[in-house]
Amino acid sequence: MFAGTPAPALPSLRRLLASRHEVVAVLTRPDARAGRGRASAASPVAELAREHGLPVLTPVRPNDPEFVGELAELAPDCCAVVAYGALLKPELLGVPTHGWVNLHFSLLPAWRGAAPVQAAIAAGDEITGATTFLIEPALDSGPVYGVVTERITPSDTAGALLGRLSESGAGLLESTMDGIEEGALVAVPQVAEGVSTAPKITVEQARIRWDLPAQAIDRHVRAMTPEPGAWTTIGQTRVKVGPVGVETGEELAPGAIAVRKRDVLVGTGTTAVALNEVQPQGKKLMNAADWARGARLDGQGRAL
């Protein structure tokens, strides 16, 4: 069985569907409201599964005895997991013969938790990767089957990096399933050193702190792109901020804004950064200088 919910899980599901393994069902989170109209929508994984005629399981509480019994009747040899979105308890973990194997987008034990890609970029890591491991009740602590590595570039956003990891990780997950089937893989306990956590990011944590150095702000904005989106307030307007330019050589007080003919600069704890694209609340993404002119910023202002 395959368990996953958002778009980054799709490459893995596609890879397993094309592999020698039989995907007997898909487990995903229930339909959720999305978009401006807040209409109920199926997860990306559910949509792909239905395109292939697979049974789609959407329990609200997967650890309830009713679903544990349903999974026992299905009797999967192994459950492959990519960003399913719920913690699994021992009763459920014990159903498949070979357990639940998770693809996690970090080099464990670094960045255990819901936001490993964002955490790696924000921390300034140069190397990250993906790990397959056997799920235990504790968060992302199980023994490891395999890893792939990926270099983080100076321009990587979380979206771009996650896109690459979801593809390379899909290959890792398939090879892990192959190795488990063949009896050739043995999970190795994670090392005790180097444990770090990456909990889910709140909207408030995505806010930009202009007193930080320009490089830290650059990493923060890229880590929050596209979700949940780095943001600040300018006047009475809340504005999402896209990746910034850091090689301005300009000095402004932290948060101070200078509107130029072709760019908009904001001061930091070191040198100013240049805003490239912004998204004022309720509007579309747009060029920062165009927005500043339309908003009639007078050449000076302050971001908070």
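Me: In this predicted model, where is the place of Trp-111?
Reply: This model is predicted. Phi of Trp-111 is near 60°, a positive value in a residue other than glycine. As for its place, Trp-111 sits in the loop between E7 and H5.

Me: Which residue does a cis peptide bond join to Leu-108?
Reply: Look in the loop between E7 and helix H5 (116-122). Omega of the cis bond is about 15°. The partner of Leu-108 in that bond is Pro-109.

Me: Where is the place of Pro-226?
Reply: A cis peptide bond joins Thr-225 and Pro-226, with omega about 10°. Helix H7 (214-223) lies on one side of the loop that holds Pro-226.

Me: What are the edge strands of the open sheet of 7 strands?
Reply: The order is E5-E2-E1-E6-E7-E8-E9, and the pairing is mixed. An edge strand here pairs on one side only. That describes strand E5 (56-57) and strand E9 (144-151).

Me: Which residue of E8 is the bridge partner of Asn-102?
Reply: Strand E7 (residues 100-104) and strand E8 (residues 127-134) run antiparallel. They are joined by 4 bridges. In E8, Asn-102 is partnered by Phe-133.

Me: Which strands does H1 touch as it packs on the sheet?
Reply: The direction of H1 makes about 170° with that of E1. H1 touches strand E1 (2-4) and strand E2 (26-27). It also touches strand E6 (79-82) and E7.

Me: Is H1 oblique or roughly parallel to H6?
Reply: Helix H1 (residues 10-17) packs against helix H6 (residues 158-182) with the axes 8 Å apart. The angle is about 40°. Angles under 35 degrees count as roughly parallel, and this one makes H1 oblique to H6, so the word is oblique.

Me: How many charged residues has the contact of H1 with H6?
Reply: The crossing of H1 and H6 is right-handed. H1 brings Pro-11, Ser-12, Arg-15 and Leu-16, while H6 brings Ser-166, Glu-167, Gly-169, Ala-170, Gly-171, Leu-173, Glu-174 and Met-177. By class there are 5 nonpolar and 4 polar residues, and the charged ones number 3.

Me: How far does H6 reach from its first C-alpha to its last?
Reply: H6 has 25 residues. At 1.5 Å a residue, 36 Å is expected. The model comes close to that, with a reach of 35 Å.

Me: Which residue follows H6?
Reply: Its phi is positive, near 75°. The residue is Gly-183.

Me: Is H1 oblique or roughly parallel to H2?
Reply: The axes of H1 and helix H2 (residues 44-51) come within 10 Å. They cross at roughly 20°, in a right-handed crossing. Angles under 35 degrees count as roughly parallel. The angle therefore makes H1 roughly parallel to H2.

Me: How many nonpolar residues are in the contact of H1 with H2?
Reply: Leu-10, Leu-13 and Arg-14 of H1 meet Pro-44, Val-45, Leu-48 and Ala-49 of H2. There are no polar residues and 1 charged; the nonpolar count is 6.

Me: Which residue in E15 does Val-239 stand opposite?
Reply: An open sheet of 4 strands has the order E10-E11-E15-E16, with antiparallel pairing. Its edge strands are strand E10 (231-234) and strand E16 (286-287). Strand E11 (residues 237-241) pairs with strand E15 (residues 277-280) over 3 bridges. Opposite Val-239 stands Pro-280.

Methods
Residues numbered from 1 in each chain as written. Predicted model: local features only at pLDDT ≥ 70, side-chain atom pairs only at ≥ 80, totals over all residues. Heavy atoms only, no water. Axes fitted to C-alpha atoms, helices over the stretch in contact; angles between N-to-C directions. Helix = DSSP H or I, 4+ residues; strand = E, 2+ residues; numbered from the N terminus. Parallel < 35°, antiparallel > 145°, perpendicular 65-115°, else oblique. Left-handed = near helix turned anticlockwise from the far one by under 90°. Contact = heavy atoms within 4.5 Å. Nonpolar A, V, L, I, M, F, W, Y, C, P; charged D, E, K, R; others polar. Pairing = 2+ DSSP bridges. Expected span 1.5 Å × (residues − 1).
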